[in-house]
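Here is a short briefing to read with the model open beside you.

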Amino acid sequence: MGSDTVFGNVVIARVALVVLLVAAPSRSVFAQFDLSGSWVAKNTEDISRDSYPVDYVGLPLNSEGRTRALTYQESQLAMIERQCEGWPAFYFVQGPFGLRIWSDNEPIKGTVISYTIGAWEDRAPMTIWMDGRPHPSEYAEHTRGGFTTGTWEGNTLVAYTTHMKAGFLRKTGPPSSDQATMTSRFYRHGDILTVLVVLEDPIYLAEPHVMSKSFQLSTTPISPIGPPCVSGFEGRHPGESVPHYLPRRIRSSTR
């Protein structure tokens, strides 16, 4: 082996080492973090704003959405069948409760097939599919939890949710339709998890509605399911009138 060959091998080894050292930090920066665990809500942001009727500040309602919101009657909660309807998937960043998240892993390679955000009494569980499966047909069943797929963008988990049932943006009546979609971004900084949600609804919103909430990792386990929803007396006895609006009579023109 000549001296030129030895010198060339040394140069190649040094270049490879430099490339390895340069690439290593970038890989750590963009490492995919683990979502699993119990996350307690910080509740440092008031994004529910459901204390006052007709308070739609911060909601980009279009004219149709505002009309629907103004026809809302709280007395409908006296109806037993409406007391446990549940909230759409985006309620996981609106409610005051924490999150229990766990993963389902492929048994051979250990890759994550899905993450599941546990349920509560008024919110269904949400599964984030990470295996590349497509969203179902637009005519497929819509549920409270919707259908969600996720991908990694650097060290950020981006989840996209469709097929949510129609519901409400707040407890004071502003609606969301079954055509609404949700894009969620999960950021982890140490033991703090921040979730940014962008809700788009072509029926009731004039522009995207943005919400965010932070959670802190907890050593105290949070239940993966909430207590059962139990209906109760809400101010209206069985047999009394049902909250409703009669259709307006259209007057024909005589011109």
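A salt bridge here means a side-chain nitrogen of Lys or Arg within 4 Å of a carboxyl oxygen of Asp or Glu. By that criterion, this predicted model holds 1 salt bridge.

**The charged pair**
- D131 and R133 form a salt bridge, and their closest N and O atoms are 2.7 Å apart.
- Side chains of opposite charge can pair when their charged atoms come close.
- D131 counts as partly exposed because its relative accessibility is 38%.
- R133, at 32% relative accessibility, also counts as partly exposed.

**The nonpolar core**
- The largest nonpolar core has 33 residues, and F92, M182, F186 and L193 have the most contacts inside it.
- Among the elements that give two or more residues to this core are β1 (37–41), β9 (181–189), β10 (192–200) and β11.
- The largest share, 4 residues, comes from β10.
- In soluble globular proteins, nonpolar side chains tend to be buried together.
- Leaving aside residues up to four places away in sequence, L193 touches F33, L35, W39, I101, F186, Y187, R188, K213, S214 and F215.

**A look at H209**
- You will find H209 in strand β11, which covers residues 209–218.
- Is H209 buried or exposed? Its relative accessibility is 8%, so H209 counts as buried.
- Not counting residues up to four places away in sequence, H209 touches G58, L59, P60, V197, V198 and L199.
- H209 and L199 are 10 residues apart along the chain, and their C-alpha atoms are separated by 5.0 Å.

Note on methods. Residues numbered from 1 in each chain as written. Predicted model: local features only at pLDDT ≥ 70, side-chain atom pairs only at ≥ 80, totals over all residues. Heavy atoms only, no water. Buried < 20%, exposed > 50% of the residue type's maximum accessible area, 1.4 Å probe, protein only. Contact = heavy atoms within 4.5 Å. Core = buried A, V, L, I, M, F, W, Y, C linked by side-chain atoms within 4.5 Å.
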